[in-house]
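Biologist: Can you put the model up? I'd like to go through the contacts and the holes.
Modeller: Here it is.
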Amino acid sequence: MKTVENASVVSMANLTDDVYDITIHCPEIASWAKAGQFVELYPDNGANLLARPISICGMDAEKGDIRLVFRVVGKGTELFSRLGTGDKIRVLGPCGNGFNLKDGSAVLVGGGIGVPPLLETCRQLKGDKTVVLGFRDKSSVILCDEFKALGARVYIATDDGSLGFKGNVVELMKSEGITGDMIYSCGPKIMLEALSDYAEERGIACQVSLEERMACGIGACVGCVVKIKDGDGWTHKKVCKDGPVFDSREVIW
Amino acid sequence: MKTEVNICGVTLKNPVMTASGTFGSGREYSEFIDLNRLGAVVVKGVADKPWQGNPAPRIAEVYGGMLNSVGLQNPGVDWFMENDIPFLRQFDTKIIVNVCGHSVDEYVNVVRKLRGADVDMLELNISCPNVSEGGMAFGTDPVMVKKVVSAVKREADKPLIVKLSPNVTDITLTAKAAEEGGADALSLINTLTGMKIDIYRRQPVLSRKIGGMSGPAVKPVALRMVYEVCRAVDLPVIGMGGISNAEDALEFIMAGAVGVSIGTANFINPTATVDTIDGIEEYMRKYNVEDINELRGIIE
């Protein structure tokens, strides 16, 4: 089920220079949401018409709230960054299929603003959890302590080495020999592609959460396609409706 | 109060339809609205074989609108007939099939396969700007328009709507060519060709560089073209282009359109179609309009 709600902002905080942490009250969406799904936020300013897909970082069905952690990347997200407690924002969701949570040991791998959807995923996974997070530098690290609080082993990689391992998440995983039964991942496409190779070489199942420019968020506009293997060939699948989570072995990078 | 309109002998319960390519075959929107309320569902373009469309990125936002270069990705007419017609027939609404092709033969193949199918009308898409063969290449040349329309009309067993491109100097010329070719009705406008460049990456946003612009920003252009075409031909005209609400829809009706389609507005507000229908009814009550047809073409 999906719906549109006129949500009110419960809280708003600044995590880094350009990353914001907003909780909004939208009871129906909160009651249906699953880890790895996303919502569509509408700028509603008359100029920027299309909704922005934002991954769900957490939800509280009892309170009817969802938590979104997003980075300002353009006019729409800039507008959202100026929201304050009590403000209204139109939201559609929950969209997409989310992660397929499996028993066994989990490895959660996130890069930059791909980290937030992994937090709710981590909260819901019951087995052994290893979390590998990659950021540009120390100042852009987000949500690290919250993963630790969930009892996960947390590894951090930064491009410049200002915190944790110097390099990217896949290099870190190689150096630490990180393995598990299932990888849950979200981040830049280049990271996910390298991770997909890492998983395949070691025979680890891997789910990747992808993104693409979209207009509707519900499968009607057919804008947000990715190439997915289909028999001997390939087909265009929709990130919003067929995804955003795909089996890494199906994706044609 | 009467909201029914008649297009080529087909009665729609109200003039509000969906613009092809913005509504799939209605499944996605059935979570948000009651499809029974719609005058008609105009489905996403159907070709004789499955099409994969263009590579992503296919979508770019522009001021007051958007660009798309989807390229008519669709699962083909056989899949459509097996899956989408039965789905839509569960609802009390009319089914209009948008037909696309790369060549006259491909258009004809689709229409042949649709002979006898349980649909109400056909809409010939000779105006998509996002395919290199067929599409807009046909729809911008009056000689080609007449040729493809007459070839398709010979095979069609349902009323044939021809969807016109706005990317021409004088749209009344292609409108007249479609009329001469045997079109039963016209629909306009398809998207306006447009472009957006990402100045930080120094690249076009769309993988195909150029796409079709739609959304509220194109409405005045669309309205002007509908007005011109209504005065130039004797065919019923279905108006579209940036219609987002009842006020917009009523403008097109007053300019001469018998029906209106909601397109990009569906992406911005999934209930835009029924909100428009409600708004039209409210206007009719408030201003004592007994019959929606009284408003059609009242602008001289």
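Biologist: What does Glu28(B) form a salt bridge with?
Modeller: This is a predicted model, and in it Glu28(B) pairs with Lys241(A). The closest N and O atoms of the two are 2.8 Å apart.
Biologist: How many salt bridges does the rule find across the interface of chain B and chain A?
Modeller: The rule finds 3 across that interface. A search of the whole structure, over all chains, gives 27.
Biologist: Why would such side chains pair?
Modeller: Side chains of opposite charge can pair when their charged atoms come close.
Biologist: Which residue does Arg67(A) form a salt bridge with?
Modeller: Asp21(A), with the closest N and O atoms 2.7 Å apart. That pair links distant parts of the chain: Arg67(A) sits in strand β5 (residues 65-71) of chain A and Asp21(A) in strand β2 (residues 19-25) of chain A, 46 residues apart.
Biologist: Back to the interface. How many residues of each chain are in contact?
Modeller: 31 residues of chain B touch 30 residues of chain A.
Biologist: And what area do chain B and chain A bury between them?
Modeller: About 2,500 Å², with 59% of it on carbon and sulfur atoms.
Biologist: How many residue pairs are in polar contact between chain B and chain A?
Modeller: The count is 13 residue pairs, both residues being at pLDDT 80 or more. On the side of chain B that touches chain A, β5 (59-62), β6 (65-68) and α8 (265-268) of chain B each supply at least two residues. β5(B) gives the most, with 3 residues.
Biologist: What is that side of chain B by class?
Modeller: It has 16 nonpolar, 10 polar and 5 charged residues.
Biologist: Start with the largest cavity. Which residues lie nearest its centre?
Modeller: Ser20(B), Thr22(B), Asn68(B), Asn190(B) and Thr191(B), out of 37 lining residues. The elements that give two or more residues to this lining are β6, β14 (210-214) and α8 of chain B.
Biologist: What is the lining of the largest cavity by class?
Modeller: 16 nonpolar, 19 polar and 2 charged residues.
Biologist: Which residues line the second largest cavity?
Modeller: Thr3(B), Asn14(B), Pro15(B), Val16(B), Ile277(B), Ile280(B) and Glu281(B). Helix α9 (residues 272-286) of chain B provides the largest share, 3 residues. By class, this lining has 4 nonpolar, 2 polar and 1 charged residues.
Biologist: Last topic, the backbone. Which residues does a cis peptide bond join in chain A?
Modeller: Gly243(A) and Pro244(A), with omega about 5°. Pro244(A) is in the loop between β14 and β15 (245-247) of chain A.
Biologist: And which residues does a cis peptide bond join in chain B?
Modeller: Leu188(B) and Ile189(B), where omega is about 10°. Ile189(B) lies in the loop between β10 (185-188) and β11 (192-195) of chain B.
Biologist: What phi does Leu72(B) have?
Modeller: A positive one of about 60°, although Leu72(B) is not a glycine. Leu72(B) lies in the loop between β6 and α1 of chain B.

Methods. Residues numbered from 1 in each chain as written. Chains lettered and ligands numbered in written order. Predicted model: local features only at pLDDT ≥ 70, side-chain atom pairs only at ≥ 80, totals over all residues. Heavy atoms only, no water. Contact = heavy atoms within 4.5 Å. Buried area = accessible area lost by both parts, 1.4 Å probe. Salt bridge = Lys/Arg side-chain N within 4 Å of Asp/Glu carboxyl O. Polar contact = N/O pair within 3.5 Å; in protein donor to acceptor, adjacent residues only side chain to side chain. Helix = DSSP H or I, 4+ residues; strand = E, 2+ residues; numbered from the N terminus. Nonpolar A, V, L, I, M, F, W, Y, C, P; charged D, E, K, R; others polar. 1 Å grid on protein atoms, 1.4 Å probe; cavity = no way out; pocket = protein on both sides within 12 Å on 5 of 7 lines; lining within 4 Å.
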